[in-house]
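I opened the notebook to look at how the chains meet. The entries follow in the order I looked things up.

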Protein chains: 4
Amino acid sequence: MKVKVAINGYGTIGKRVADAVSKQDDMEIIGVTKTKPDYVSKMTAYPLYVAVPENMGTFEEAGVKVHGTIGDLLKKADIVVDGSPGKIGAEHKPMYEKAGVKAVFEGGEKHELAGVSFNAMANYDSAIGKDFVRVVSCNTTGLCRTLYPLYRDFGIDNVKAVMIRRSADPPDSKKGPINAIEPVLKVPSHHGPDVQTVIPDLNISTMAVKVPTTIMHLHSVIVELKKEAGTEDVLNVWENTPRVKFVRGADGVKSTAQIMEMARDMGRNRSDMYEIIVWKDGVHVDGKTLYYSQAIHQESDVVPENIDCIRAMTNLEKNKLKSIEKTDKAMGIN
Amino acid sequence: MKVKVAINGYGTIGKRVADAVSKQDDMEIIGVTKTKPDYVSKMTAYPLYVAVPENMGTFEEAGVKVHGTIGDLLKKADIVVDGSPGKIGAEHKPMYEKAGVKAVFEGGEKHELAGVSFNAMANYDSAIGKDFVRVVSCNTTGLCRTLYPLYRDFGIDNVKAVMIRRSADPPDSKKGPINAIEPVLKVPSHHGPDVQTVIPDLNISTMAVKVPTTIMHLHSVIVELKKEAGTEDVLNVWENTPRVKFVRGADGVKSTAQIMEMARDMGRNRSDMYEIIVWKDGVHVDGKTLYYSQAIHQESDVVPENIDCIRAMTNLEKNKLKSIEKTDKAMGIN
Amino acid sequence: MKVKVAINGYGTIGKRVADAVSKQDDMEIIGVTKTKPDYVSKMTAYPLYVAVPENMGTFEEAGVKVHGTIGDLLKKADIVVDGSPGKIGAEHKPMYEKAGVKAVFEGGEKHELAGVSFNAMANYDSAIGKDFVRVVSCNTTGLCRTLYPLYRDFGIDNVKAVMIRRSADPPDSKKGPINAIEPVLKVPSHHGPDVQTVIPDLNISTMAVKVPTTIMHLHSVIVELKKEAGTEDVLNVWENTPRVKFVRGADGVKSTAQIMEMARDMGRNRSDMYEIIVWKDGVHVDGKTLYYSQAIHQESDVVPENIDCIRAMTNLEKNKLKSIEKTDKAMGIN
Amino acid sequence: MKVKVAINGYGTIGKRVADAVSKQDDMEIIGVTKTKPDYVSKMTAYPLYVAVPENMGTFEEAGVKVHGTIGDLLKKADIVVDGSPGKIGAEHKPMYEKAGVKAVFEGGEKHELAGVSFNAMANYDSAIGKDFVRVVSCNTTGLCRTLYPLYRDFGIDNVKAVMIRRSADPPDSKKGPINAIEPVLKVPSHHGPDVQTVIPDLNISTMAVKVPTTIMHLHSVIVELKKEAGTEDVLNVWENTPRVKFVRGADGVKSTAQIMEMARDMGRNRSDMYEIIVWKDGVHVDGKTLYYSQAIHQESDVVPENIDCIRAMTNLEKNKLKSIEKTDKAMGIN
């Protein structure tokens with residue numbers, strides 16, 4: 001029998017996790033929730049529930065058919081993926097506890113809410129059988145994907161990384177800025193400590209800036225390795241790391257724009273790029289100092305991690321590599 | 001037996017037409033051409049041919065396997081879709097004539113090159129059995145789609161339209177401007193006369209500006225109808241017009257950004273929106289004066305028109321509505 | 001003795017009017033107000049007053065010295081320019097009436113608030129001696145500047161214009177959209193009726209869209225003249241119209257970006273361009289149909305109008321051309 | 001008698017240096033050159049010469065009056081500032097040698113061309129009496145301004161910096177990208193070695209990315225100091241460093257957009273910001289690790305350095321602090 005998954009918050013992440021769950025043979029979507037009857041509510045093919053029971057009337061007025069409230073949905077679920085905006089997931093936890101439903105939280109919540117922060121390659125085992133787990137944010141996922149195998153194979157003395165962040169997601173047509181760069185003034189930024197919720201003894205310092213684009217974050221990363229390594233050694237490690245993919249400037253892939261176009265060319269659902277993209281000809285090791293640039297599709301890189309997380313929490317699979325392989329095959333990740 | 005289609009120029013339009021042909025049951029792609037061995041060449045699943053025979057060596061050096069040159073490809077084709085950049089198609093015409101292959105040109109070419117300019121609803125019959133036909137550009141297609149049924153049902157005294165154009169396609173990461181508006185100084189713009197290549201006696205004057213976005217053109221249109229009509233009458237006509245689709249600001253679809261997101265939500269190939277999008281709550285008729293705003297997905301709206309054009313030229317179907325319905329069903333257009 | 005001018009709302013327009021007043025020999029700034037002690041408050045050289053008396057404490061806490069409240073300022077003023085955000089000016093009117101101070105409102109307020117809407121060339125006389133006058137918005141000012149002389153010299157049958165609007169002012173780094181075009185769904189837009197508050201019997205219909213730029217609005221205008229005219233005739237009329245300036249694409253001025261650069265090259269205060277900019281090689285008359293493109297510096301084009309308005313209301317000058325000449329000479333508008 | 005300065009290349013830097021020279025009492029502009037008779041040529045108030053003698057005719061055709069060629073100009077000059085695009089200055093050196101004229105090159109040229117790379121605070125003395133000196137680029141100037149005093153007062157173990165670069169200058173309305181981030185794939189970037197042309201034994205590694213904005217570069221900098229220091233200690237050092245200026249996010253200066261607005265509010269020529277802007281509330285020292293964010297006005301920060309460089313090369317002043325003070329006072333830098 002398939003694991004029954006509910007999505008509470010059918011937004012950027014929620015709708016992608018719903019699609020990804022639907023492609024797996026060991027789990028299924030039993031319903032998704034929305035707070036307002038907007039165009040997304042009208043278009044979804046999943047059974048729709050109302051996230052905020054008081055809003056039931058507005059759905060009726062808008063002529064949008066619903067199957068009940070979040071309460072009704074939780075009664076049927078084995079596990080819920082909370083796709084609410086940051087910090088709102090925390091408010092939902094008591095409801096999930098009361099309903100006796102396991103819950104996956106996303107990176108907008110604090111580590112302490114779940115006690116376990118998850119990245120499939122780095123710490124799959126820590127989620128096995130757990131009731132509450134947090135899948136780390138898109139940026140933290142990106143850093144874990146490329147840093148964990150380096151940490152494992154070469155050791156890392158320290159990491160300095162700057163996150164150049166998109167300002168808004170593509171459909172978010174109110175947010176700016178239009179022509180400006182905005183530094184995150186809290187330094188070091190929260191990304192370093194967040195990586196440490198997954199890889200506790202990694203020495204990492206980060207800064208962040210917001211720039212006027214809607215597509216992808218970009219990380220400029222400088223790593224001091226413990227062991228000397230050649231550029232080829234590092235490339236080999238990543239070549240064998242799931243969900244890390246190379247592109248080359250020499251092939252015409254100069255910017256995040258062409259990466260998003262590649263996702264379209266690959267026929268990906270919603271034109272998503274689940275992999276962390278590393279510019280192969282932008283990797284360079286000088287002694288023990290490694291420089292690289294990677295691009296993060298903020299809307300989708302955590303989606304396969306959510307699937308693995310569900311599988312670990314519900315004891316569907318205890319072996320991380322088997323789960324990753326199964327997830328990726330179903331989602332078209334080579 | 002299926003009609004054998006070659007794509008000469010596997011770029012923005014070419015790759016989309018290739019995918020769309022592949023979804024039809026009465027035609028098939030036998031090969032596509034590229035001029036350079038870039039990442040697109042490396043990724044395509046279609047048999048690859050070299051558009052410029054002299055460049056054969058660069059493909060070999062890059063390790064990209066090809067099946068031959070454009071000349072080899074034309075020998076096997078019934079019809080070729082020329083997806084070259086504007087004005088290059090004209091240079092190819094003698095080659096097509098010599099090879100005895102029919103050719104579809106795109107809107108970047110002049111009307112005179114083919115003698116017939118095509119929009120499925122407006123003048124399907126004019127392409128039946130022809131050797132050379134030009135499918136009009138994305139903007140002209142957009143204007144024809146919404147204006148033709150008004151012209152047919154109410155008569156049109158005159159049209160004034162301003163095209164607010166995207167400056168570059170999404171993957172084109174060199175072009176700007178970043179923070180500027182650029183008027184097209186040639187007035188009236190070429191769009192009006194181009195619509196007249198399809199609907200000869202339509203009185204239409206246009207202007208155009210370029211703005212710093214990569215997604216969709218937007219048309220602000222003011223039409224003086226010959227017959228008085230209500231707003232509902234106009235909406236009804238478009239409701240029954242293929243490839244015209246409504247959205248509503250009241251549902252949260254405020255800008256071109258949300259329209260592109262809808263295409264992703266609809267699961268469209270490459271996240272394309274083939275339909276011309278009219279804001280339903282942005283249509284207003286005041287006496288005989290109609291105001292409306294429409295959005296044009298410049299990368300894809302002409303794709304179904306190319307399919308219909310192939311069908312007309314190769315005598316696969318003589319009835320325009322049957323062809324449109326067949327094309328749309330195969331492509332997932334409601 | 002100089003006319004004593006207060007600025008209530010030292011924002012985008014307020015700070016520019018303050019500077020412009022200071023350059024005149026018949027008026028002076030006696031104080032400006034701010035609601036919050038931000039960096040602008042800390043930098044201004046004008047006597048600072050608190051716009052909202054309750055906020056006095058926050059200025060003290062921030063260590064920003066103030067001279068009193070708006071009430072204190074009004075006691076000394078002959079006239080106040082209300083630079084508040086739209087609709088807030090209306091709330092201030094009773095305060096001005098009670099203080100017995102004349103007031104200039106800006107285009108964000110309704111016509112009815114003042115009863116007189118002002119453009120120097122079109123209806124200077126209507127403001128003479130008045131207590132309350134509204135200077136129309138940047139877009140309406142732009143339309144009046146170029147349309148009024150055509151209306152006067154050739155007659156106008158009708159105007160269709162599309163306003164391609166910047167989305168936010170340059171320092172407004174929160175607003176978007178970043179990569180989208182947003183139509184104003186209310187059609188026709190309010191700009192047409194607003195022009196009619198200045199030129200009552202002009203037949204004009206407008207539409208508007210927002211685009212991702214911070215610099216200048218651009219108008220695409222199609223005018224049906226009553227009398228036939230040549231392109232040269234129209235250019236001659238504008239050549240002799242104050243505050244209308246030509247640029248040429250042929251000289252390298254292709255977009256709003258180069259126009260803003262010209263303002264820097266001209267050494268203008270705050271790099272402002274007070275004139276309405278018409279592309280000379282983008283003007284074309286075909287029979288009675290005139291096409292033109294004009295760019296509007298939304299932050300500053302109304303500033304000289306405010307000066308003339310003050311002069312008319314306070315009876316400093318009854319002749320419009322004399323006032324315009326005096327204003328322009330002091331501000332460096334040739 | 002004033003030092004006679006010629007500007008060869010009246011572009012972004014050239015026109016600013018011309019204005020800055022004109023404000024000094026010990027030097028004067030005797031002429032500027034342009035290659036083409038565009039709108040900038042038509043507007044300049046400086047005596048105009050033709051940079052490329054063969055183009056003399058095009059200036060005549062365009063009706064732009066010139067005083068001669070670059071050769072004529074050099075005959076009268078004591079020193080020339082070469083404002084040509086990168087690498088073109090190198091082609092001009094033999095001409096300057098032949099004419100016996102000293103020359104200032106800009107940061108687009110290689111260090112070896114002049115043999116001395118200049119930043120006023122860091123190595124003024126190295127330029128005294130020299131015939132050829134290169135003023136380093138905007139980014140290198142920015143790094144030298146804030147790093148040199150730290151290096152002098154605390155010692156620096158190493159610096160890691162990421163340059164988030166604007167893609168085009170404001171009037172450059174062709175360049176993009178519109179919605180993308182583009183990493184510089186050559187790592188480490190050239191900025192580190194370039195700083196070492198000024199501060200030879202500084203250990204610095206840099207990376208760079210291009211983002212879709214036209215205003216200011218932003219640097220995210222992490223410095224390992226040799227001596228422990230408090231955040232206040234670092235702030236004190238910069239407080240006493242010329243041409244470094246603080247802003248605070250808490251005062252509403254969140255992004256590069258508000259910094260550019262401050263320059264307008266300060267009444268700066270062309271709305272320029274000559275100082276390197278450090279966010280005071282974005283500086284943090286943790287042990288010996290210092291984090292800070294600084295913004296660089298790429299069009300103007302090198303302008304005062306050019307003035308000091310002229311003064312050193314022509315022996316007008318041997319004391320760096322006196323030259324800096326004199327330059328800054330004349331340019332309105334407090």
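I take buried area as the accessible area (1.4 Å probe) that two parts lose on being put together, summed over both. This is a predicted model: local features need pLDDT of at least 70, side-chain atom pairs count only at pLDDT 80 or more, and totals for chains, interfaces and linings use all residues. Residues are numbered from 1 along each chain as its sequence is written, chains are lettered from A and ligands numbered from 1 in the order in which they are written, and side-chain values use heavy atoms, with hydrogens and water left out.

**Entry: chain A and chain C**

I began with the area. Chain A and chain C bury about 900 Å² between them, and carbon and sulfur atoms give 61% of that. On the chain A side, Ser173(A), Ile178(A) and Thr214(A) lose the most area to chain C, together 53% of what that side buries.

Next I looked up contacts (heavy atoms within 4.5 Å). I found 13 residues of chain A in contact with 14 residues of chain C.

I then looked for salt bridges (a side-chain nitrogen of Lys or Arg within 4 Å of a carboxyl oxygen of Asp or Glu). Between chain A and chain C the count is zero. By class, the side of chain A that touches chain C has five nonpolar, five polar and three charged residues. For these classes, Ala, Val, Leu, Ile, Met, Phe, Trp, Tyr, Cys and Pro count as nonpolar, Asp, Glu, Lys and Arg as charged, and the others, Gly among them, as polar.

**Entry: chain A and chain D**

Here 38 residues of chain A are in contact with 39 residues of chain D. The buried area is about 3,300 Å², with 70% from carbon and sulfur atoms. Ile181(A), Leu185(A) and Met207(A) supply 20% of the area that chain A buries against chain D, more than any other three residues.

I counted two salt bridges between chain A and chain D. In a salt bridge I looked up, the side chains of Glu224(A) and Lys160(D) meet at 2.9 Å, N to O.

**Entry: symmetry**

I superposed the copies by least squares on the C-alpha atoms of residues with pLDDT of at least 70 in both. Chain A can be laid on chain D by a turn of 180 degrees and a shift of 0.0 Å along the axis, with an RMSD of 0.0 Å. That is the relation of a two-fold axis. The same surface serves both copies, as 100% of the contact residues of chain A recur in chain D.
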